[in-house]
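This briefing covers one protein chain.

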Amino acid sequence: MTRAHDAGRRRFLKVFGTATGALVVGLPALAWTPDELLGQNLITLNPYLRIEPDGTTVIGARDPEVGQGIRTAEARIIAEELDADWNRVIVEPLDLGVTDVGGEPHWTYGHQMASGSTSVPAAWNDLRSVGAAARELLLRAAAARWNIDVANLRTQRGMVIARDGRKLGYGELAEAAAKLKPPANLPAPKPVSQYTLIGQDAGDVDARDIVSGRQHFAGDEWFGDTLVAVIAHCPYPGGTLAHLDDRAALKLDGVKKVLTIPPPSPARPLGTQQLAAAVAVLAEDTWTAMQGVAKLDVRWNPGARAAHGDDALTEAAATALQGQPEKAVRTDGDFATAAKRARHRFQAEYHVATIAHADLELPNALVKVDSQRAVIVAPVQNPRATFDTVQRLTGLAPDKIEIRLPRAGGGFGRFLEADYVAEAVMLAKAAGKPVKLTWTRADAFAHDTFRPFSAHKLEACADRKNKLTGWTHRIASTSRLAGREPRARWWLSEMHPDDLPAGLIDNLQYAWFALDSTLPRGSYRASSHAVNAFATECFIDEIAQGLKQDALKFRLALLGEPRKLSYRGHGGPVLDTGRLSWVLQLAADAIGWSKPHPHGHGFGLACHFTFGGYVAHAVEISMEGTRLVIHNVVCAADLGRVVNPLGARAALVGATLDGFSTALRQRITIKNGLVAQRGFRDYPLATMAQMPHDVQVILVPSQERPTGAFDMGFPSAAPALANAIFAGTTVRVRQLPIWPDLMRLL
C-alpha cells in the first residue's frame with residue numbers, strides 16, 4: 001500500500017529542485033511553455049509527480065483535502081495512467097499554485113477548490129494527461145536504452161517491459177526520461193480494459209497518520225516567534241465597538257497586545273464574507289490569550305437592523321408567498337388551467353431552519369507577513385479566493401504570497417470564506433510578528449455563514465388516472481447570495497430550474513421570493529439541493545399516499561421511460577431519468593420494499609440528482625416510546641466511473657449520517673438579537689446510539705464520466721427518513737429539524 005511521507009512537504013520542492021535523475025512532470029494542458037515541462041528551471045514548474053532514481057513516485061494532490069478523500073482519488077488517476085506501482089507512491093499536498101505573469105496571478109494547477117463535489121470531474125482529464133505523458137517519456141527512454149521501437153514495449157506496476165522479457169524500473173529510466181522533450185501531442189489515455197487501479201478500493205492515503213495522531217492540521221503548524229491571537233467578536237450582526245478598556249488584559253503576564261478590528265467598508269468588502277467588528281488579544285500562548293479576552297471590558301452597539309429568528313422569517317415568508325415572486329424561475333404550460341381540470345389537488349408547506357456548519361476544526365490561520373512576503377497556513381476550501389483577500393490586504397505581487405493547504409477538519413462550505421484569514425493577516429501586519437489566530441467555539445457559531453432559512457409552498461394536481469398534470473413550487477428564502485451578488489442573481493443559489501419534476505410534468509411553475517436577514521449566509525453541503533429535495537420528495541410521498549399509490553411505483557411512473565432531460569449547471573448538461581429510476585429501484589429492493597413490513601415499522605424512499613450524481617435512499621424506522629430507532633438504511637448511487645470505491649462508499653455513508661443528524665435536531669435560534677447557540681450542548685449532533693448500526697451502500701457500475709461523491713448522499717437522506725417516519729407513525733413532519741414537530745404531533 002501507499003506509504004506515508006515522513007519528511008515534511010517542503011522536501012517535495014527542495015528535492016525536486018536539486019536532485020538529479022528525477023523525472024518531473026507538470027500539467028501539459030497548462031504548460032504555456034511546453035518545452036519547459038522537463039527543462040532546467042524545475043522549481044517553477046510546480047510538478048504533479050516526480051519519479052526518483054529508486055523508483056519512488058511522488059504525486060502532488062492539488063485540491064484541498066477536507067475529508068472527501070481527494071488526495072487519494074487524484075493520486076490514483078495519475079498513477080493509473082502512469083502504470084505506477086501503488087506500493088511505491090507517496091502523495092503530497094500541493095500549495096496554491098500561483099506565479100506572477102506581468103503582475104497578474106497565473107494559476108499553475110488550474111482547478112484548486114473543494115466545493116460542490118467538483119474536484120474529481122475537474123481533475124479527470126487533466127491528471128490523466130499528466131500520467132500518460134510521463135508514461136510515454138519512460139517508454140521512449142527505455143526504447144532508446146535498448147535501441148528498439150516503443151511499440152515493442154509495455155508498462156506494468158512501475159516497470160517498462162520488452163517483448164523478450166527484459167525489464168527496467170521507472171527509477172532506472174527517470175534520469176534519461178527527464179532529458180527527453182515532452183510529446184508534441186498529448187498521448188491518448190489508457191483504454192478502460194487496462195485499468196488496474198481506478199475502480200479498485202484504495203483506502204485513504206492519510207488514514208495511517210489520522211489514526212496515529214500524526215496528521216498535521218493548520219493548528220499544528222507554528223513559526224518561531226509567533227503570537228497567539230484570540231478574538232472577541234461583536235455578537236450583533238453589523239454591530240460596532242461601543243467601549244473598550246483593555247488595562248486588565250494587558251496586565252496579564254504573557255499578553256503582548258490588544259488590537260481592534262473594525263469592520264471593513266461595506267462598499268468594498270475584503271471578500272465574500274463581511275468581517276465583524278472585533279477586539280483581539282495577542283499573547284505568548286492560547287490560554288493566556290483566552291484569559292486576556294475574559295479580562296476585557298468591552299461593550300458593543302447593536303447593528304442598525306436586528307437579527308430575526310426563523311419564527312419571524314416564517315411570518316415574513318407567509319406574506320411574501322402571497323405576493324409576486326422576485327424571480328419566475330421556470331414556467332411550463334398553464335398550471336391554473338390544469339388545476340381547474342384536475343381530479344385531484346394537493347398542497348402543502350414545508351419549512352427548513354437556519355443551521356450552522358459546526359465543523360470540528362474551528363476557523364484558524366497561521367500568518368507570517370512583511371513587506372516582502374506573506375505565508376498563510378489555514379483550512380481553506382477556495383485557495384484562490386483566499387489569495388485575493390491576502391493580496392488586497394498586503395498589496396504583494398502574486399508570487400510573493402504563499403498559501404499552504406493542510407488537511408482541514410471538515411469544511412461543508414464554511415472554509416470557502418476567508419474572513420478568519422483576513423483577520424489573521426490584519427493582526428500580523430499590525431503586530432509586526434507572525435500571528436496564529438484561533439476562534440472560540442462560541443464565535444464559530446455566532447459568526448458562521450449559515451445555511452439559509454427557507455419556506456416552500458407546493459401545489460400539485462392529477463387527472464383521473466392518477467397522473468400528475470400540474471406542479472408549482474414557490475420558495476421564500478434568505479438567499480446566500482444576498483450582499484454578494486446583484487439582487488437579480490440572488491435566486492441562483494436557491495432554486496434550480498431543471499430540478500425534477502421539471503421536464504416530467506406538462507404544467508409546472510417554479511418561483512422564488514426574497515426574504516431579508518441580517519445573519520450572514522453561505523454555502524452548505526449540497527447547497528440548496530439539500531433543502532429543496534426535502535420539500536419535493538416529501539410532497540411526492542404525500543401525493544402518492546393521497547392517491548393511494550405505492551410510493552415506489554408512483555415515483556417510477558413519474559420518471560417514466562428512460563430518457564435524457566436538459567439540465568443546466570450543477571452536473572448537467574443532461575439528467576438521465578433511467579439512471580435515477582435504477583438507483584431508486586436498487587435501494588427499494590435492498591431494503592425489502594415489496595416484502596411484508598414488520599409491525600410498527602415504517603419504510604421511506606427518496607431520490608435526487610445532485611452535481612451529476614444519482615442517489616436514492618431507503619430507510620426503515622420504528623418508534624420505541626419517544627425513541628426513534630433507525631433499523632436499516634440503503635443508499636444506492638450512480639456516480640459514473642468511481643475512482644476509489646472505498647472512498648465513495650465512505651463519503652455516502654458519511655453524508656447519510658450527516659443528513660440524518662442535521663435533519664433531526666439542528667437549528668440556529670435568535671434570542672435578543674443574538675445567536676443563542678454557543679456550543680454542541682445547545683446544537684446537538686446525533687449520537688452513535690441514535691444512528692443506524694450500518695448503512696448499506698450500492699454503487700452502480702458505470703462507464704460514464706466520474707462525478708464526486710461528497711455532496712451526493714446528503715439531499716435524499718432527510719426526506720427518506722421523514723417519509724419513513726410518516727409510514728411508521730402517520731405523523732407527517734413538514735419541517736427541518738424534524739424532532740420538535742415529531743414530538744409535538746405524536
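Which backbone nitrogen lies 2.8 Å from a polar atom of the side chain of Asn-507? The backbone nitrogen of Asp-334 does. This is a predicted model, in which local features need pLDDT of at least 70 and side-chain atom pairs count only at pLDDT 80 or more, while totals for chains, interfaces and linings use all residues. Residues are numbered from 1 along each chain as its sequence is written, and side-chain values use heavy atoms, with hydrogens and water left out.

**Asn-507**
- Asn-507 is in strand β23 (residues 507–514); helices (H or I, at least four residues) and strands (E, at least two) are DSSP runs, numbered from the N terminus.
- With a relative accessible area of 16%, Asn-507 is buried; buried means under 20% relative accessible area, exposed over 50%, and partly exposed in between (1.4 Å probe, protein chains only).
- Leaving aside neighbours within four places in sequence, Asn-507 is in contact with residues including Asp-332, Gly-333, Asp-334, Phe-335 and Trp-471, where contact means heavy atoms within 4.5 Å.

**Asn-632**
- Asn-632 lies in strand β28 (residues 627–638) and counts as partly exposed at 38% relative accessibility.
- Beyond its neighbours within four places in sequence, Asn-632 is in contact with Ile-591, Ala-618, Val-619 and Glu-620.
- The side chains of Asn-632 and Glu-620 are joined by a polar contact of 2.6 Å. A polar contact is a pair of N or O atoms within 3.5 Å; within protein, one must be able to donate a hydrogen and the other to accept it, and residues adjacent in sequence count only if both atoms are side-chain atoms.
- Ala-551 is 81 residues from Asn-632 along the chain, and their C-alpha atoms are separated by 18 Å.

**The sheet of 7 strands**
- This open sheet has the order β12-β13-β10-β20-β17-β18-β19, with mixed pairing; two strands pair if DSSP finds at least two bridges between them.
- Its edge strands, β12 (255–261) and β19 (401–404), each pair on one side only.
- β12 pairs with strand β13 (residues 278–283) in the antiparallel sense over 6 bridges, and Val-258 stands opposite Val-281 in β13.
- Helix α10 (residues 383–394) packs on the sheet, touching β17, β18 and β19, and its direction makes about 145 degrees with that of β19. Axes are lines fitted to C-alpha atoms, for helices over the stretch in contact, and angles run from 0 to 180 degrees between N-to-C directions.
- Helix α11 (residues 419–431) also packs on the sheet, and its direction makes about 35 degrees with that of β17.

**The sheet of 3 strands**
- The order of this open sheet is β7-β8-β9, with antiparallel pairing.
- β7 (153–156) and β9 (167–169) are at the edges with a single partner strand each, so one side of each has no neighbour in the sheet.
- Strand β8 (residues 159–162) is joined to β9 by 3 bridges, and Val-160 stands opposite Leu-168 in β9.
- Helix α3 (residues 119–146) lies across β7, β8 and β9 at about 130 degrees to β7, and helix α4 (residues 170–178) lies across β7, β8 and β9 at about 75 degrees to β9.

**The whole chain**
- The protein chain has 18 helices and 32 strands.
- Of its 746 residues, 59% are buried.
- The C-alpha trace spans about 80 × 75 × 45 Å along its principal axes.
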